[in-house]
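Thank you for sending this entry over for comment. My remarks follow as numbered points, and they begin with a question about overall form.

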Amino acid sequence: MSAKKTDASRGWYRLDNAAILYLSIQSERITTMFRFSATLYENIDPQALQTSLVKLIDRFPYYRVKLSKGLFWYYLEHNPKTPRVEKDVQYPCGRLAPISNRNFLFRVRYYNKRIAVEFSHALTDGTGAVTFLKSLIYQYLKETGKNISDSTGILTVDEKPDPGEFEDAYHRFYKPALPLPETGESAFHLKGKLVKKGVYLVITGISLLEDIIAVAKKKNATLTEFLAAVYIDSMQEIQDKYIKNPKHKRPISVSVPVNMRNIYPSKTMRNFSLFVIPRIDPRLGHYTFDEILKIVHYCMMTEINEKSISRQLSRNVGGQRNPVIRIIPLFIKKIFAPLLYTKLGENLFSGTISNIGKITMPEEMMKHVERIDFVPGPGPVNKTGCSVVGFKDKIYITFGRLTREPELERVFFTKLVKMGIHMTIESNV
Amino acid sequence: MAYCVKCGVELERNLTSCPLCSTPVYLPEDSDESYQRSYPERVQKNQARHINLVPSKTFVYLMTFILVIPALVCFMVDIRGNGVVSWSFYPVASLLLFWVLMAYPALMKRYSFMKVLTIDIYSVVLFLVSLDLYSGGFLSWSVYPVSSLLLVWVYFLLFFIFGREKPGYIAIIGYISTALYLYLLEQATKSVWFFELALPILTLLLLEVIIVLILSGYKFFKGAGLSGLIIIKLSLFCFGCELIINNYVYGSSSLFWSLIVAVVLIPLSIFLFLVQSNEEFRVYLQKKFHL
């Protein structure tokens with residue numbers, strides 16, 4: 001580990017395991033960008049936002065980076081340029097434009113009352129992005145003259161970055177020679193023609209947090225389990241509609257990202273998440289919602305623990321540590337990695353539902369922030385992704401899709417409405 | 001509060017149809033002027049992929065050392081074997097050339113495509129001349145590649161300076177430099193073809209180009225009309241060429257192959273002119289053949 005720290009102190013970083021994966025599949029459509037946004041009660045002052053960003057960026061040196069190519073791997077190196085805030089656009093999570101974005105792998109956008117940060121997955125996962133957004137709001141509120149004294153849980157410009165924030169936690173908790181996790185067969189995917197490049201359609205459903213939790217509680221499930229089950233149930237309904245012959249049906253599985261910081265003691269601000277994949281096999285017959293919920297519930301109970309997760313971690317990091325793979329030049333790696341990812345990654349699950357949980361911040365900040373949104377990054381195989389975030393008394397369920405028809409969204413939200421949950425729908429088209 | 005009658009979800013204000021099922025909202029609330037859409041209408045600009053071909057300074061340092069070693073090895077082997085510099089001149093000069101081509105844009109503070117191209121062409125010229133000089137008999141074979149490279153450079157320079165705005169200048173200066181180039185070749189090969197063959201063809205080409213440039217200012221010669229004009233000019237050029245060539249080779253002025261070319265090209269250009277002049281015909285073609 002000491003070698004890693006010197007790398008960081010000299011202004012460059014090796015990519016972590018997830019970053020390698022995401023970069024290898026990056027393309028015009030699969031931008032691997034995801035987004036968090038916060039809506040305040042007043043219109044955003046771009047100047048103040050820019051000042052806060054400039055002040056803040058050195059608190060997050062691991063984000064002040066650009067992507068460079070080595071002979072064998074990409075790496076991140078210190079970017080001497082200053083990041084700029086920009087106006088928001090209709091289709092979020094678009095491709096990074098190296099010139100206008102000054103080579104940064106994230107961007108900060110504003111629109112009316114909203115501040116949005118979009119991060120490339122090469123840089124960090126949801127936890128990192130939320131932490132950054134919170135610090136940005138904190139700094140912005142101070143910049144605009146709000147009196148905020150409580151900074152619990154916020155990384156502020158006054159403190160120095162903790163060395164633990166730089167670490168590649170995948171490497172730290174890697175255990176060699178673990179048996180490989182089972183890989184299932186390829187799962188059912190939504191059909192539908194892709195929209196043209198650069199378009200990303202977003203639908204957000206808003207509901208009261210307590211309503212939805214009450215429904216989940218009644219069925220003895222957590223929120224994530226409940227929503228994942230609704231997701232699988234919706235996919236099942238869609239598959240039933242299109243594929244009549246049970247022999248031709250495919251398993252339905254949804255990948256649920258797990259924040260590994262809850263399992264391993266790490267403070268890293270870079271990627272540190274893996275997936276749990278609950279699955280049903282409709283070839284065995286139609287599943288009722290309660291059956292699906294049971295499967296999801298027990299899958300989460302048995303899979304989310306240090307032992308099961310470390311198998312997945314071990315497989316992923318093991319590939320990256322393999323000496324044969326290491327000495328393959330980058331340009332050859334670039335050809336094979338996307339194939340491998342589709343085969344071992346996205347093909348195995350039908351969709352993603354990412355629940356970042358309830359966002360909390362000090363009470364003084366809370367009263368200036370109206371809502372938080374979380375937009376998932378686009379993926380071409382699954383076509384639709386879903387992300388969930390809770391803030392104050394509301395829950396925001398956002399779907400991003402690359403197809404014209406919001407089929408899954410329609411089924412998903414109608415199911416929730418039928419369960420007696422009041423939903424409000426927003427969209428970017 | 002507007003609800004979708006089909007999905008049962010509440011809809012964001014100012015929505016005219018349900019985002020989920022596209023069912024129109026039957027009783028939309030009176031639209032609220034102060035209300036703002038949840039996303040702006042601005043679309044992210046599509047930026048071309050930026051490819052940086054210029055190596056960094058540190059990369060140049062690395063390459064310098066990588067190149068110095070083989071150069072020194074060649075030099076040492078040559079000196080130890082022959083006592084003087086003989087064959088090692090070639091590999092060392094080649095490595096030096098490679099270094100200049102690579103390092104120039106990196107070490108230059110402000111470079112442009114034209115500057116890099118200029119330096120590259122001139123260093124290749126210098127390299128070729130030095131090889132020619134070293135192999136004995138100054139200015140023997142190197143005349144051909146060197147003059148060709150210089151001509152290429154002149155053309156790049158012309159397009160760089162005048163661009164698309166002043167094609168006339170490009171044509172005239174290009175004509176002069178090409179003529180000079182051909183004259184040089186004639187002198188170097190010690191043959192006689194410039195004044196009888198090359199210059200008339202070149203002049204003919206220049207005239208054709210200038211006529212096309214002048215006529216293309218008229219409204220008729222746009223689109224299909226311009227294609228027609230270029231095609232008819234091509235046919236005329238073939239006539240002229242054959243006349244000049246036959247005159248030079250056989251001393252006669254009979255025509256043969258250019259007639260075949262004309263038989264193909266002239267009806268084609270008439271067709272194109274027709275397309276240009278007849279609106280109805282053009283629309284018909286666009287309808288039937290649109291891609």
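Predicted model: local features only at pLDDT ≥ 70, side-chain atom pairs only at ≥ 80, totals over all residues.

1. Nine helices and two strands are found in chain B, and along the sequence they follow the pattern β-β-α-α-α-α-α-α-α-α-α. Buried residues make up 8% of the 291 residues in chain B, and of its contacts with a separation of 6 or more, 46% are between residues 24 or more positions apart. The domain assignment of chain B gives domain 1 (1–33) and domain 2 (221–291), and the C-alpha centres of these two domains of chain B lie 61 Å apart.

2. Chain A calls for its own description. With 429 residues, a compact globule would have a radius of gyration near 22 Å, and the 21 Å of chain A agrees with this. The C-alpha atoms of chain A fill a box of roughly 60 × 55 × 40 Å along the principal axes, and buried residues make up 46% of the 429 residues in chain A. Chain A contains 13 helices and 16 strands, and among its contacts between residues at least 6 apart in sequence, 77% join residues at least 24 apart.

3. One sheet of chain A is open and has five strands in the order β5-β6-β7-β2-β13, with mixed pairing. Strands β5 (85–87) and β13 (369–375) of chain A stand at the edges with a single partner strand each, so one side of each is left without a neighbour in the sheet. From one strand to the next, the twist averages 25°. Strand β2 (residues 33–40) of chain A pairs with β13(A) in the antiparallel sense over six bridges, and A:Leu40 stands opposite A:Val369 in β13(A). Helix α4 (residues 126–143) of chain A lies across β2, β6 (106–111), β7 (114–120) and β13 of chain A, and runs at about 145° to β7(A).

4. A further open sheet of chain A is formed by three strands in the order β1-β4-β3, with antiparallel pairing. Its edge strands are β1 (12–14) and β3 (65–69) of chain A, each of which pairs on one side only, and neighbouring strands of this sheet are turned by 30° against each other on average, direction ignored. Five bridges hold the antiparallel pairing between β3(A) and strand β4 (residues 74–78) of chain A, where A:Lys66 has A:Glu77 in β4(A) as its bridge partner.

5. How many of the eight residues of strand β14 (residues 384–391) of chain A are buried? Eight of the eight are, and this holds for both faces: A:Thr384, A:Cys386, A:Val388 and A:Gly390 point one way from β14(A), while A:Gly385, A:Ser387, A:Val389 and A:Phe391 point the other way, and all are buried.

6. The partners of β14(A) deserve a separate remark. Strand β12 (residues 351–359) of chain A pairs with β14(A) in the parallel sense over seven bridges, and the bridge partner of A:Thr352 in β14(A) is A:Gly385. Eight bridges join β14(A) to strand β15 (residues 394–401) of chain A in an antiparallel run, with A:Val389 opposite A:Tyr396 in β15(A). β14(A) and β15(A) form a hairpin with two residues between them, and A:Lys392 in the turn has a positive phi of about 50°.

7. The last point concerns the contact between the chains, which takes 28 residues from chain A and 20 residues from chain B. On the side of chain A that touches chain B, the elements that give two or more residues are α13 (407–418) and β16 (424–427) of chain A, and α13(A) gives the most, with five residues. By class, this side of chain A has 13 nonpolar, ten polar and five charged residues. β16(A) is joined by two bridges to strand β2 (residues 10–11) of chain B, and the two strands run parallel, with A:Ile425 opposite B:Leu11 in β2(B).

Key. Residues numbered from 1 in each chain as written. Chains lettered and ligands numbered in written order. Helix = DSSP H or I, 4+ residues; strand = E, 2+ residues; numbered from the N terminus. Buried ≥ 20, exposed ≤ 12 C-beta atoms within 10 Å, placed from the backbone. Contact = placed C-beta atoms within 7 Å. Pairing = 2+ DSSP bridges. Axes fitted to C-alpha atoms, helices over the stretch in contact; angles between N-to-C directions. Domains from an automatic or database assignment. Nonpolar A, V, L, I, M, F, W, Y, C, P; charged D, E, K, R; others polar. Rg over C-alpha atoms; globule rule 2.2 N^0.38 Å.
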